[in-house]
Number of protein chains: 2
Amino acid sequence: MPTAERDALCDSPQLTDLYQLTMLQSYLDQGMQGEAVFEFFVRKIPENRNFLIAAGLEQLLDFLQRAAFSEQELNYLARSGFFKPNLIDYLAQFRFSGTVHAMAEGTVCFSNEPLLRITAPLPEAQLIETRLINLMQLPIMVATKAARCRLAAPDKRLVDFGLRRAHGAEAGLLAARAAYIAGFDGTSNVLAGQRYGMPIMGTMAHSFIQAHDVEAEAFRHFAASQPDNLVLLIDTYDTERGARRVARLADEIGAQGLEIKAVRIDSGELGDEARKVREILDQAGHPEIGILASSSVDEYLIQSLVKRGVPIDGYGIGTSLTTSEDAPFLNCAYKLQEYAGLPRRKRSSGKATWPGRKQLYRYLDDSGLLRYDRLCTEDETVSAGIALLEPVMQNGRRLNPPESLADIRQRVQRELNMLPAHLRDLEHPGSLLLQVSDDLQRLALETDRRFGG
Amino acid sequence: MPTAERDALCDSPQLTDLYQLTMLQSYLDQGMQGEAVFEFFVRKIPENRNFLIAAGLEQLLDFLQRAAFSEQELNYLARSGFFKPNLIDYLAQFRFSGTVHAMAEGTVCFSNEPLLRITAPLPEAQLIETRLINLMQLPIMVATKAARCRLAAPDKRLVDFGLRRAHGAEAGLLAARAAYIAGFDGTSNVLAGQRYGMPIMGTMAHSFIQAHDVEAEAFRHFAASQPDNLVLLIDTYDTERGARRVARLADEIGAQGLEIKAVRIDSGELGDEARKVREILDQAGHPEIGILASSSVDEYLIQSLVKRGVPIDGYGIGTSLTTSEDAPFLNCAYKLQEYAGLPRRKRSSGKATWPGRKQLYRYLDDSGLLRYDRLCTEDETVSAGIALLEPVMQNGRRLNPPESLADIRQRVQRELNMLPAHLRDLEHPGSLLLQVSDDLQRLALETDRRFGG
């Protein structure tokens, strides 16, 4: 498995909120280094999502293994005026030594379900909060958006074109990976191809056409340099004329044994444009040349084009995917559930959580479709049901090598096949029933009696 | 000026779309290395924005100076099957040698206005497209969102709490900087504080309270460790009870000369909660303790709370800021405007551009408010008007040292003061008139006659 190079920004535990460090100062001063248990979950999935796809675990484990403060970082903290030497000494030694339980990447999940549990000395478990949420949120959003695109078009070619509109460098990388595991065919992002070993794909830009004095010459030049990867952009000046030129070029270079794989349309009403282009190519005797469409594509547009039977063979999906445009954040949280052997919970208005270490069980119907999930205490006896949280890191060491992207992709496809119709619906809200076990409900009452301020 | 450490991810020109490199292959094969001019602009600013704040230039110039392919990256490309040795050799030598004209960071700008012009050999100008857009988009969005928050609350303390919900590591950094230049007081993001030399701020989390058996003890511990930075979170169990506890603690530690700066409320209806808390603190004789509010805060909420006269002294603004939640992307583009001495333009349906090298002039009314902008060819004679594009890099070398954040902050405040009422309105659409000079209109017609496919 190719893994990311060591990286000053992405591996830095300094990429955190100041309050994590001021709280650490107090934990150290009070000797509060007992075992803490935190869980990461999504409080409420966005309105226009019926499920989420768990993703981002691999990058999180990588971060937990690499995270260490540099001397420069420690010097900054020492000079900041917020801290005493005991904290700086602690941070200089810091390596994450905790245990992680998690849902496998690619698992379908829902509101209020723990995706991840961290068990570690309180200061460590606290320190990693900010980056943990920062690293997990985007992959979950993008994998979910990509899975929705895949549900809309099971048989079309889907390619991530979204790097330029992703929010910065890491977002572009994380999004490319998340889209691929959720069923995309590849990405235009070259660094993602290199780092994650996933297929890279591309066409040409309008500027390439414009830099030539004549469009047909641009096509010919590109064909000469990219004979095995020939997708031509035809809408720079006039889409139909562009299509006719491509057909003529196909005749011309076909004689040399070369083949034009597809044309790309990047503007106008994609359905109408595609029909006209398909007709031109077919009448010119080139049914083998495919049509790729881009420009403001998302799962809603794909679904409507597919339903209309529009002759588009593949989609380049950019902004809507990498920014998760219609749901650009998750109401997600990482909350303390136990400290020093006692379950705890937050009771803030609208933000209460279930206390203690938990396990999530999944129940299927006879045809293998999702029926309901059940949230339980970790140690209660449960008959049947599939336990979704598994240990993946112990005492700071990974228990398994990274999963291959191919394996995660297969899991996503299996999981999507388990969705009943109301959860596959892209346009109407739906959700899976989450039961809460009697033991867990009792524990919440006990916890409120014990604490509660 | 502190500058970012060298960074394998953020400095990599491999973070690009595959098509940039396949086009480069063809440019090299055809000897197309003439001078190209590209401009970066926002086609149409989002519906719920009346202006944008130019931002991100510093990071872009930094990238242009550092960008170089590593051996590992070149090896990957050589093995990818897309390229010939002449391209790999070219990339091995690649350093950006072009010229950049740009609007100063912090300038107010509008639809269809060039924020940036790149003049460079075609392959270089093309190669940088993807990362240029990726680096510029987010800072513009976040600076704009932050400026709107500042307009809503000119006198309140505004702090960026958004790292955890930002889209990855770099987004968190870029957002913290963009919010600060647009008028925020600081960030919770420690690495942003270190890298950019900006103020870091923080409070405490619910987990800190929960990790203690008794809330009052948590407050006392934090006071002991953070005597100079004492902001206490009071809504973990019961906000009003929390406020009364803080008042008692203030009496207790006041005797030792310590001071509680503020309480934080992070749930419930913030206006009502703040009024109740203010009353409790005042009645207990502690009008000096401020109130900081967080939880789903954005400019709309701030404006309504400020209008209601709610006693909140500062806001922690997270998700809505760093994801630019209600406008999470910009319809922005980087387009070829000239190649080999000839102006060019794209004419795709709904995406046409003005050709050639351009300058943007700004006109104010007698009271110093924005009146209109005028888009001209670079070399036409213009009387009056402020030219907004200035040279900032020549032949790959920066012409000036980085601007200080303080200077950019001041510019933003001056620019916001130049907004007429309809552009300051947060809830109703508005825009500045953009005139297009006769020369530029003629040039567009000529260009269409010359090219046009």
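Let's start with charges: over all chains, this structure holds 64 salt bridges. Keep in mind that you're looking at a predicted model. The idea behind these pairs is simple: side chains of opposite charge can pair when their charged atoms come close.

Take one pair inside chain A. Arg398(A) forms a salt bridge with Glu58(A), and their closest N and O atoms are 2.5 Å apart. Arg398(A) sits in strand β18 (residues 397–398) of chain A, while Glu58(A) belongs to helix α2 (residues 57–66) of chain A, so this pair ties together parts that are 340 residues apart in sequence.

**Where the two chains meet**

Now for the contact between the chains. How many residues does each chain bring to it? Chain A puts in 111 residues and chain B puts in 112 residues. Between them, chain A and chain B bury an area of about 9,500 Å², and carbon and sulfur atoms give 54% of that.

Salt bridges turn up here too: the rule finds six across the interface of chain A and chain B. One of these links Asp17(B) with Arg164(A), with the closest N and O atoms 2.9 Å apart. If you count residue pairs in polar contact between chain A and chain B, with both residues at pLDDT 80 or more, you get 55.

Which part of chain A gives the largest share of the side that touches chain B? That would be helix α1 (residues 18–29) of chain A, with 10 residues. Sorted by class, the side of chain A that touches chain B has 43 nonpolar, 41 polar and 27 charged residues.

**How the copies are related**

**Domains from the record**

UniProt, in an unreviewed entry, lists domains on chain A. Residues 15–136 of chain A are annotated as "Nicotinate phosphoribosyltransferase N-terminal". For residues 157–337 of chain A, the UniProt name is "Nicotinate/nicotinamide phosphoribosyltransferase". Residues 387–443 of chain A carry the UniProt label "Nicotinate phosphoribosyltransferase C-terminal". Here is how these spans look in the model:

| Span of chain A | Helix | Strand | Distance between end C-alpha atoms |
|---|---|---|---|
| residues 15–136 of chain A | 44% helix | 21% strand | 14 Å |
| residues 157–337 of chain A | 44% helix | 15% strand | 43 Å |
| residues 387–443 of chain A | 40% helix | 21% strand | 20 Å |

Technical notes
Residues numbered from 1 in each chain as written. Chains lettered and ligands numbered in written order. Predicted model: local features only at pLDDT ≥ 70, side-chain atom pairs only at ≥ 80, totals over all residues. Heavy atoms only, no water. Contact = heavy atoms within 4.5 Å. Buried area = accessible area lost by both parts, 1.4 Å probe. Salt bridge = Lys/Arg side-chain N within 4 Å of Asp/Glu carboxyl O. Polar contact = N/O pair within 3.5 Å; in protein donor to acceptor, adjacent residues only side chain to side chain. Helix = DSSP H or I, 4+ residues; strand = E, 2+ residues; numbered from the N terminus. Nonpolar A, V, L, I, M, F, W, Y, C, P; charged D, E, K, R; others polar. UniProt positions renumbered as here; feature names shortened; annotations may be inferred.
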